[in-house]
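Open the model in your viewer and keep the selection tool handy.

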Amino acid sequence: MRNGMKRLVAGLMCIAMACAVRAQQGSGLAFERVGHLKRGVNLSGFYAQTRDFSAARMDAYMSAADMQALKAMGFDHVRLSIDPEPLIAVAQTGRLRTAPMARLDQTVAQLAAAGLNVVLDIHAEESWKAALTHGDDGVLRFCAFWGEFAGHFAKSDPERVFFEVMNEPSMDDLYRWQGIQARAVAAIRQAAPRHTVIATAAGWGHQDGLLAMEPVRDEDVIYTFHDYDPMWFTHQGATWGSEGWAFLRGVPYPSTPENIQSVLGQEPDERVRLWVERYGLERWDATRVAAEIAAAADWAARRGVPLYCGEFGVYKAYADPKARVRWIGDTRTALEAKHIGWAMWDWDGNFGLVTKGNDGTVVVDQEVLRALGM
């Protein structure tokens with residue numbers, strides 16, 4: 001009798017745990033499809049962040065064998081960064097150029113053949129984003145592009161291909177961006193009613209912006225954020241963004257007031273020294289990383305929407321490799337603890353999972369791969 005009661009209690013506990021997980025994950029089409037985006041990597045330099053869209057460079061960027069290797073490592077999707085400008089023939093109507101779209105179709109088909117799902121991430125240059133900050137002309141062109149682009153891919157498999165409205169909207173006006181995004185989602189939905197959209201917040205898609213936004217009026221939407229906190233560690237030595245990062249080298253992770261003292265001695269700018277000192281005092285570690293991600297997860301749970309982390313990573317030029325691996329592992333673990341799928345930044349760039357040789361060989365960073373749980 002006692003053993004039977006124990007089994008009954010254990011069974012009830014399992015059911016309760018399963019229900020709790022389901023409640024956290026939610027229900028509906030967007031929740032089902034976010035399950036196709038569990039572990040991914042960003043293909044950052046393929047169709048964006050370059051001026052060279054020649055056939056020779058793009059053929060060399062990633063082979064079908066590379067794509068198959070990604071799948072074999074355990075990735076289920078890629079986030080494909082796309083600069084929209086080279087694709088557009090007529091800005092006012094959004095009409096697309098035939099040859100660049102045919103190449104993009106070929107790449108999406110190759111990725112699908114390798115068993116990888118694809119997030120089509122509109123990764124526009126800052127000039128493109130700036131056109132959205134005032135007036136209506138830029139907004140009209142943006143929505144016209146999305147109508148054409150989504151219509152082009154409307155016949156693709158909606159279980160495999162996802163539309164991400166905009167990478168890291170840089171405007172500070174949260175409400176303006178929310179209105180623009182709602183119009184873009186409506187344009188996508190009219191052109192491709194079966195596909196799931198990925199939406200984000202203003203303020204570079206950071207958690208802070210996410211917590212200030214509300215969902216769009218469309219149920220088939222996944223919400224995304226990017227996590228690079230703490231930036232003093234993940235972007236040390238970077239020459240874009242904050243000028244305070246540029247001279248930092250060997251910033252430690254985890255941080256303590258003691259272990260950042262040697263870094264303070266490198267930095268001539270008093271403001272940056274104070275910022276780095278704060279980083280030490282805040283004692284960034286796995287617990288702190290998890291708290292930041294939990295805030296985003298709580299936002300999504302309260303609104304009953306699915307969540308996805310489209311970017312996280314560490315600029316590797318000046319970070320200690322062991323510290324980089326530890327931060328990646330802590331972040332990945334915290335995301336998965338909240339059932340949040342993710343895509344590491346990036347494949348072969350300056351945050352890369354792999355290093356490419358001049359002869360086209362690809363060397364995978366096995367420590368990073370292990371930190372990703374692969």
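Which residues form one aromatic cluster? Select Trp 128, Phe 142, Phe 145, Trp 146, Phe 149, Phe 153, Phe 163 and Trp 177, and you have it on screen. This is a predicted model, where local features need pLDDT of at least 70 and side-chain atom pairs count only at pLDDT 80 or more, while totals for chains, interfaces and linings use all residues. Residues are numbered from 1 along each chain as its sequence is written, and side-chain values use heavy atoms, with hydrogens and water left out.

Rings of Phe, Tyr and Trp (its six-membered ring) pair if their centres lie within 6.5 Å; planes under 30 degrees apart count as stacked, over 60 as edge-to-face and the rest as tilted. The count here comes to 21 aromatic pairs. Next, pick Phe 75 and Trp 342, an edge-to-face pair 6.5 Å centre to centre with 85 degrees between the planes.

Now select Trp 284 and Arg 288: the charged end of Arg 288 sits over the ring of Trp 284, 4.1 Å from its centre. The rule asks for CZ of Arg or NZ of Lys within 6 Å of the ring centre and within 35 degrees of the ring normal. Finish at Tyr 61, where Lys 356 lies over the face, at 4.3 Å from the ring centre.
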